[in-house]
Amino acid sequence: MDNDLVRIDELRLMLPGLTQHDARRLGREVARRLTAQLPAAFPVARLDVVELQLTIGSRASLEQMADAIVATILKRLQ
C-alpha cells in the first residue's frame with residue numbers, strides 16, 4: 001500500500017434522502033480528503049472497521065459531511 005493512498009472498500013451510511021450517486025461521491029470525497037490530510041510521516045495503517053456516529057444537520061452539504069467524517073477518522077487514528 002502506498003503511503004499516499006487511501007482506499008475505502010465499503011462505506012455504509014444511514015442518511016435519509018441521500019441518493020446512491022451522492023453516497024458514492026461522498027465516499028470518494030472522504031478518501032480524497034483523508035489522503036490530503038494524513039501527515040506524510042504517518043505510518044501505513046489498516047483499519048478493518050471504523051464505526052462512527054455523527055450528528056450532521058439535515059442541510060449539510062456533501063463537503064461538510066466529508067469534513068465531519070474525515071475529522072472523526074483522523075481523531076481515531078491518533
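The crossing of H1 and H2 is right-handed (the near helix is turned clockwise from the far one by less than a right angle). This is a predicted model: local features need pLDDT of at least 70, side-chain atom pairs count only at pLDDT 80 or more, and totals for chains, interfaces and linings use all residues. Residues are numbered from 1 along each chain as its sequence is written, and side-chain values use heavy atoms, without hydrogens and water.

**Helix packing**
- The H1 and H2 axes (lines fitted to C-alpha atoms over the stretch in contact, angles from 0 to 180 degrees between N-to-C directions) come within 9 Å and cross at roughly 50 degrees.
- Contact (heavy atoms within 4.5 Å) involves H1 residues including Asp22, Arg25 and Glu29, and H2 residues including Leu62, Glu63 and Leu74.
- The contact residues are ten nonpolar, one polar and six charged (Asp, Glu, Lys and Arg count as charged; Ala, Val, Leu, Ile, Met, Phe, Trp, Tyr, Cys and Pro as nonpolar; the others as polar).

- Beyond four places in sequence, Ile73 touches Val30, Leu34 and Leu52.

**Arginine 33**
- Arg33 lies in helix H1 (helices are DSSP runs of H or I, at least four residues, numbered from the N terminus).
- Arg33 is buried, at 14% relative accessible area (buried is under 20%, 1.4 Å probe, protein chains only).
- Beyond four places in sequence, Arg33 touches Glu63, Ala66, Asp67 and Val70.

Note on methods
Helix = DSSP H or I, 4+ residues; strand = E, 2+ residues; numbered from the N terminus. Buried < 20%, exposed > 50% of the residue type's maximum accessible area, 1.4 Å probe, protein only.
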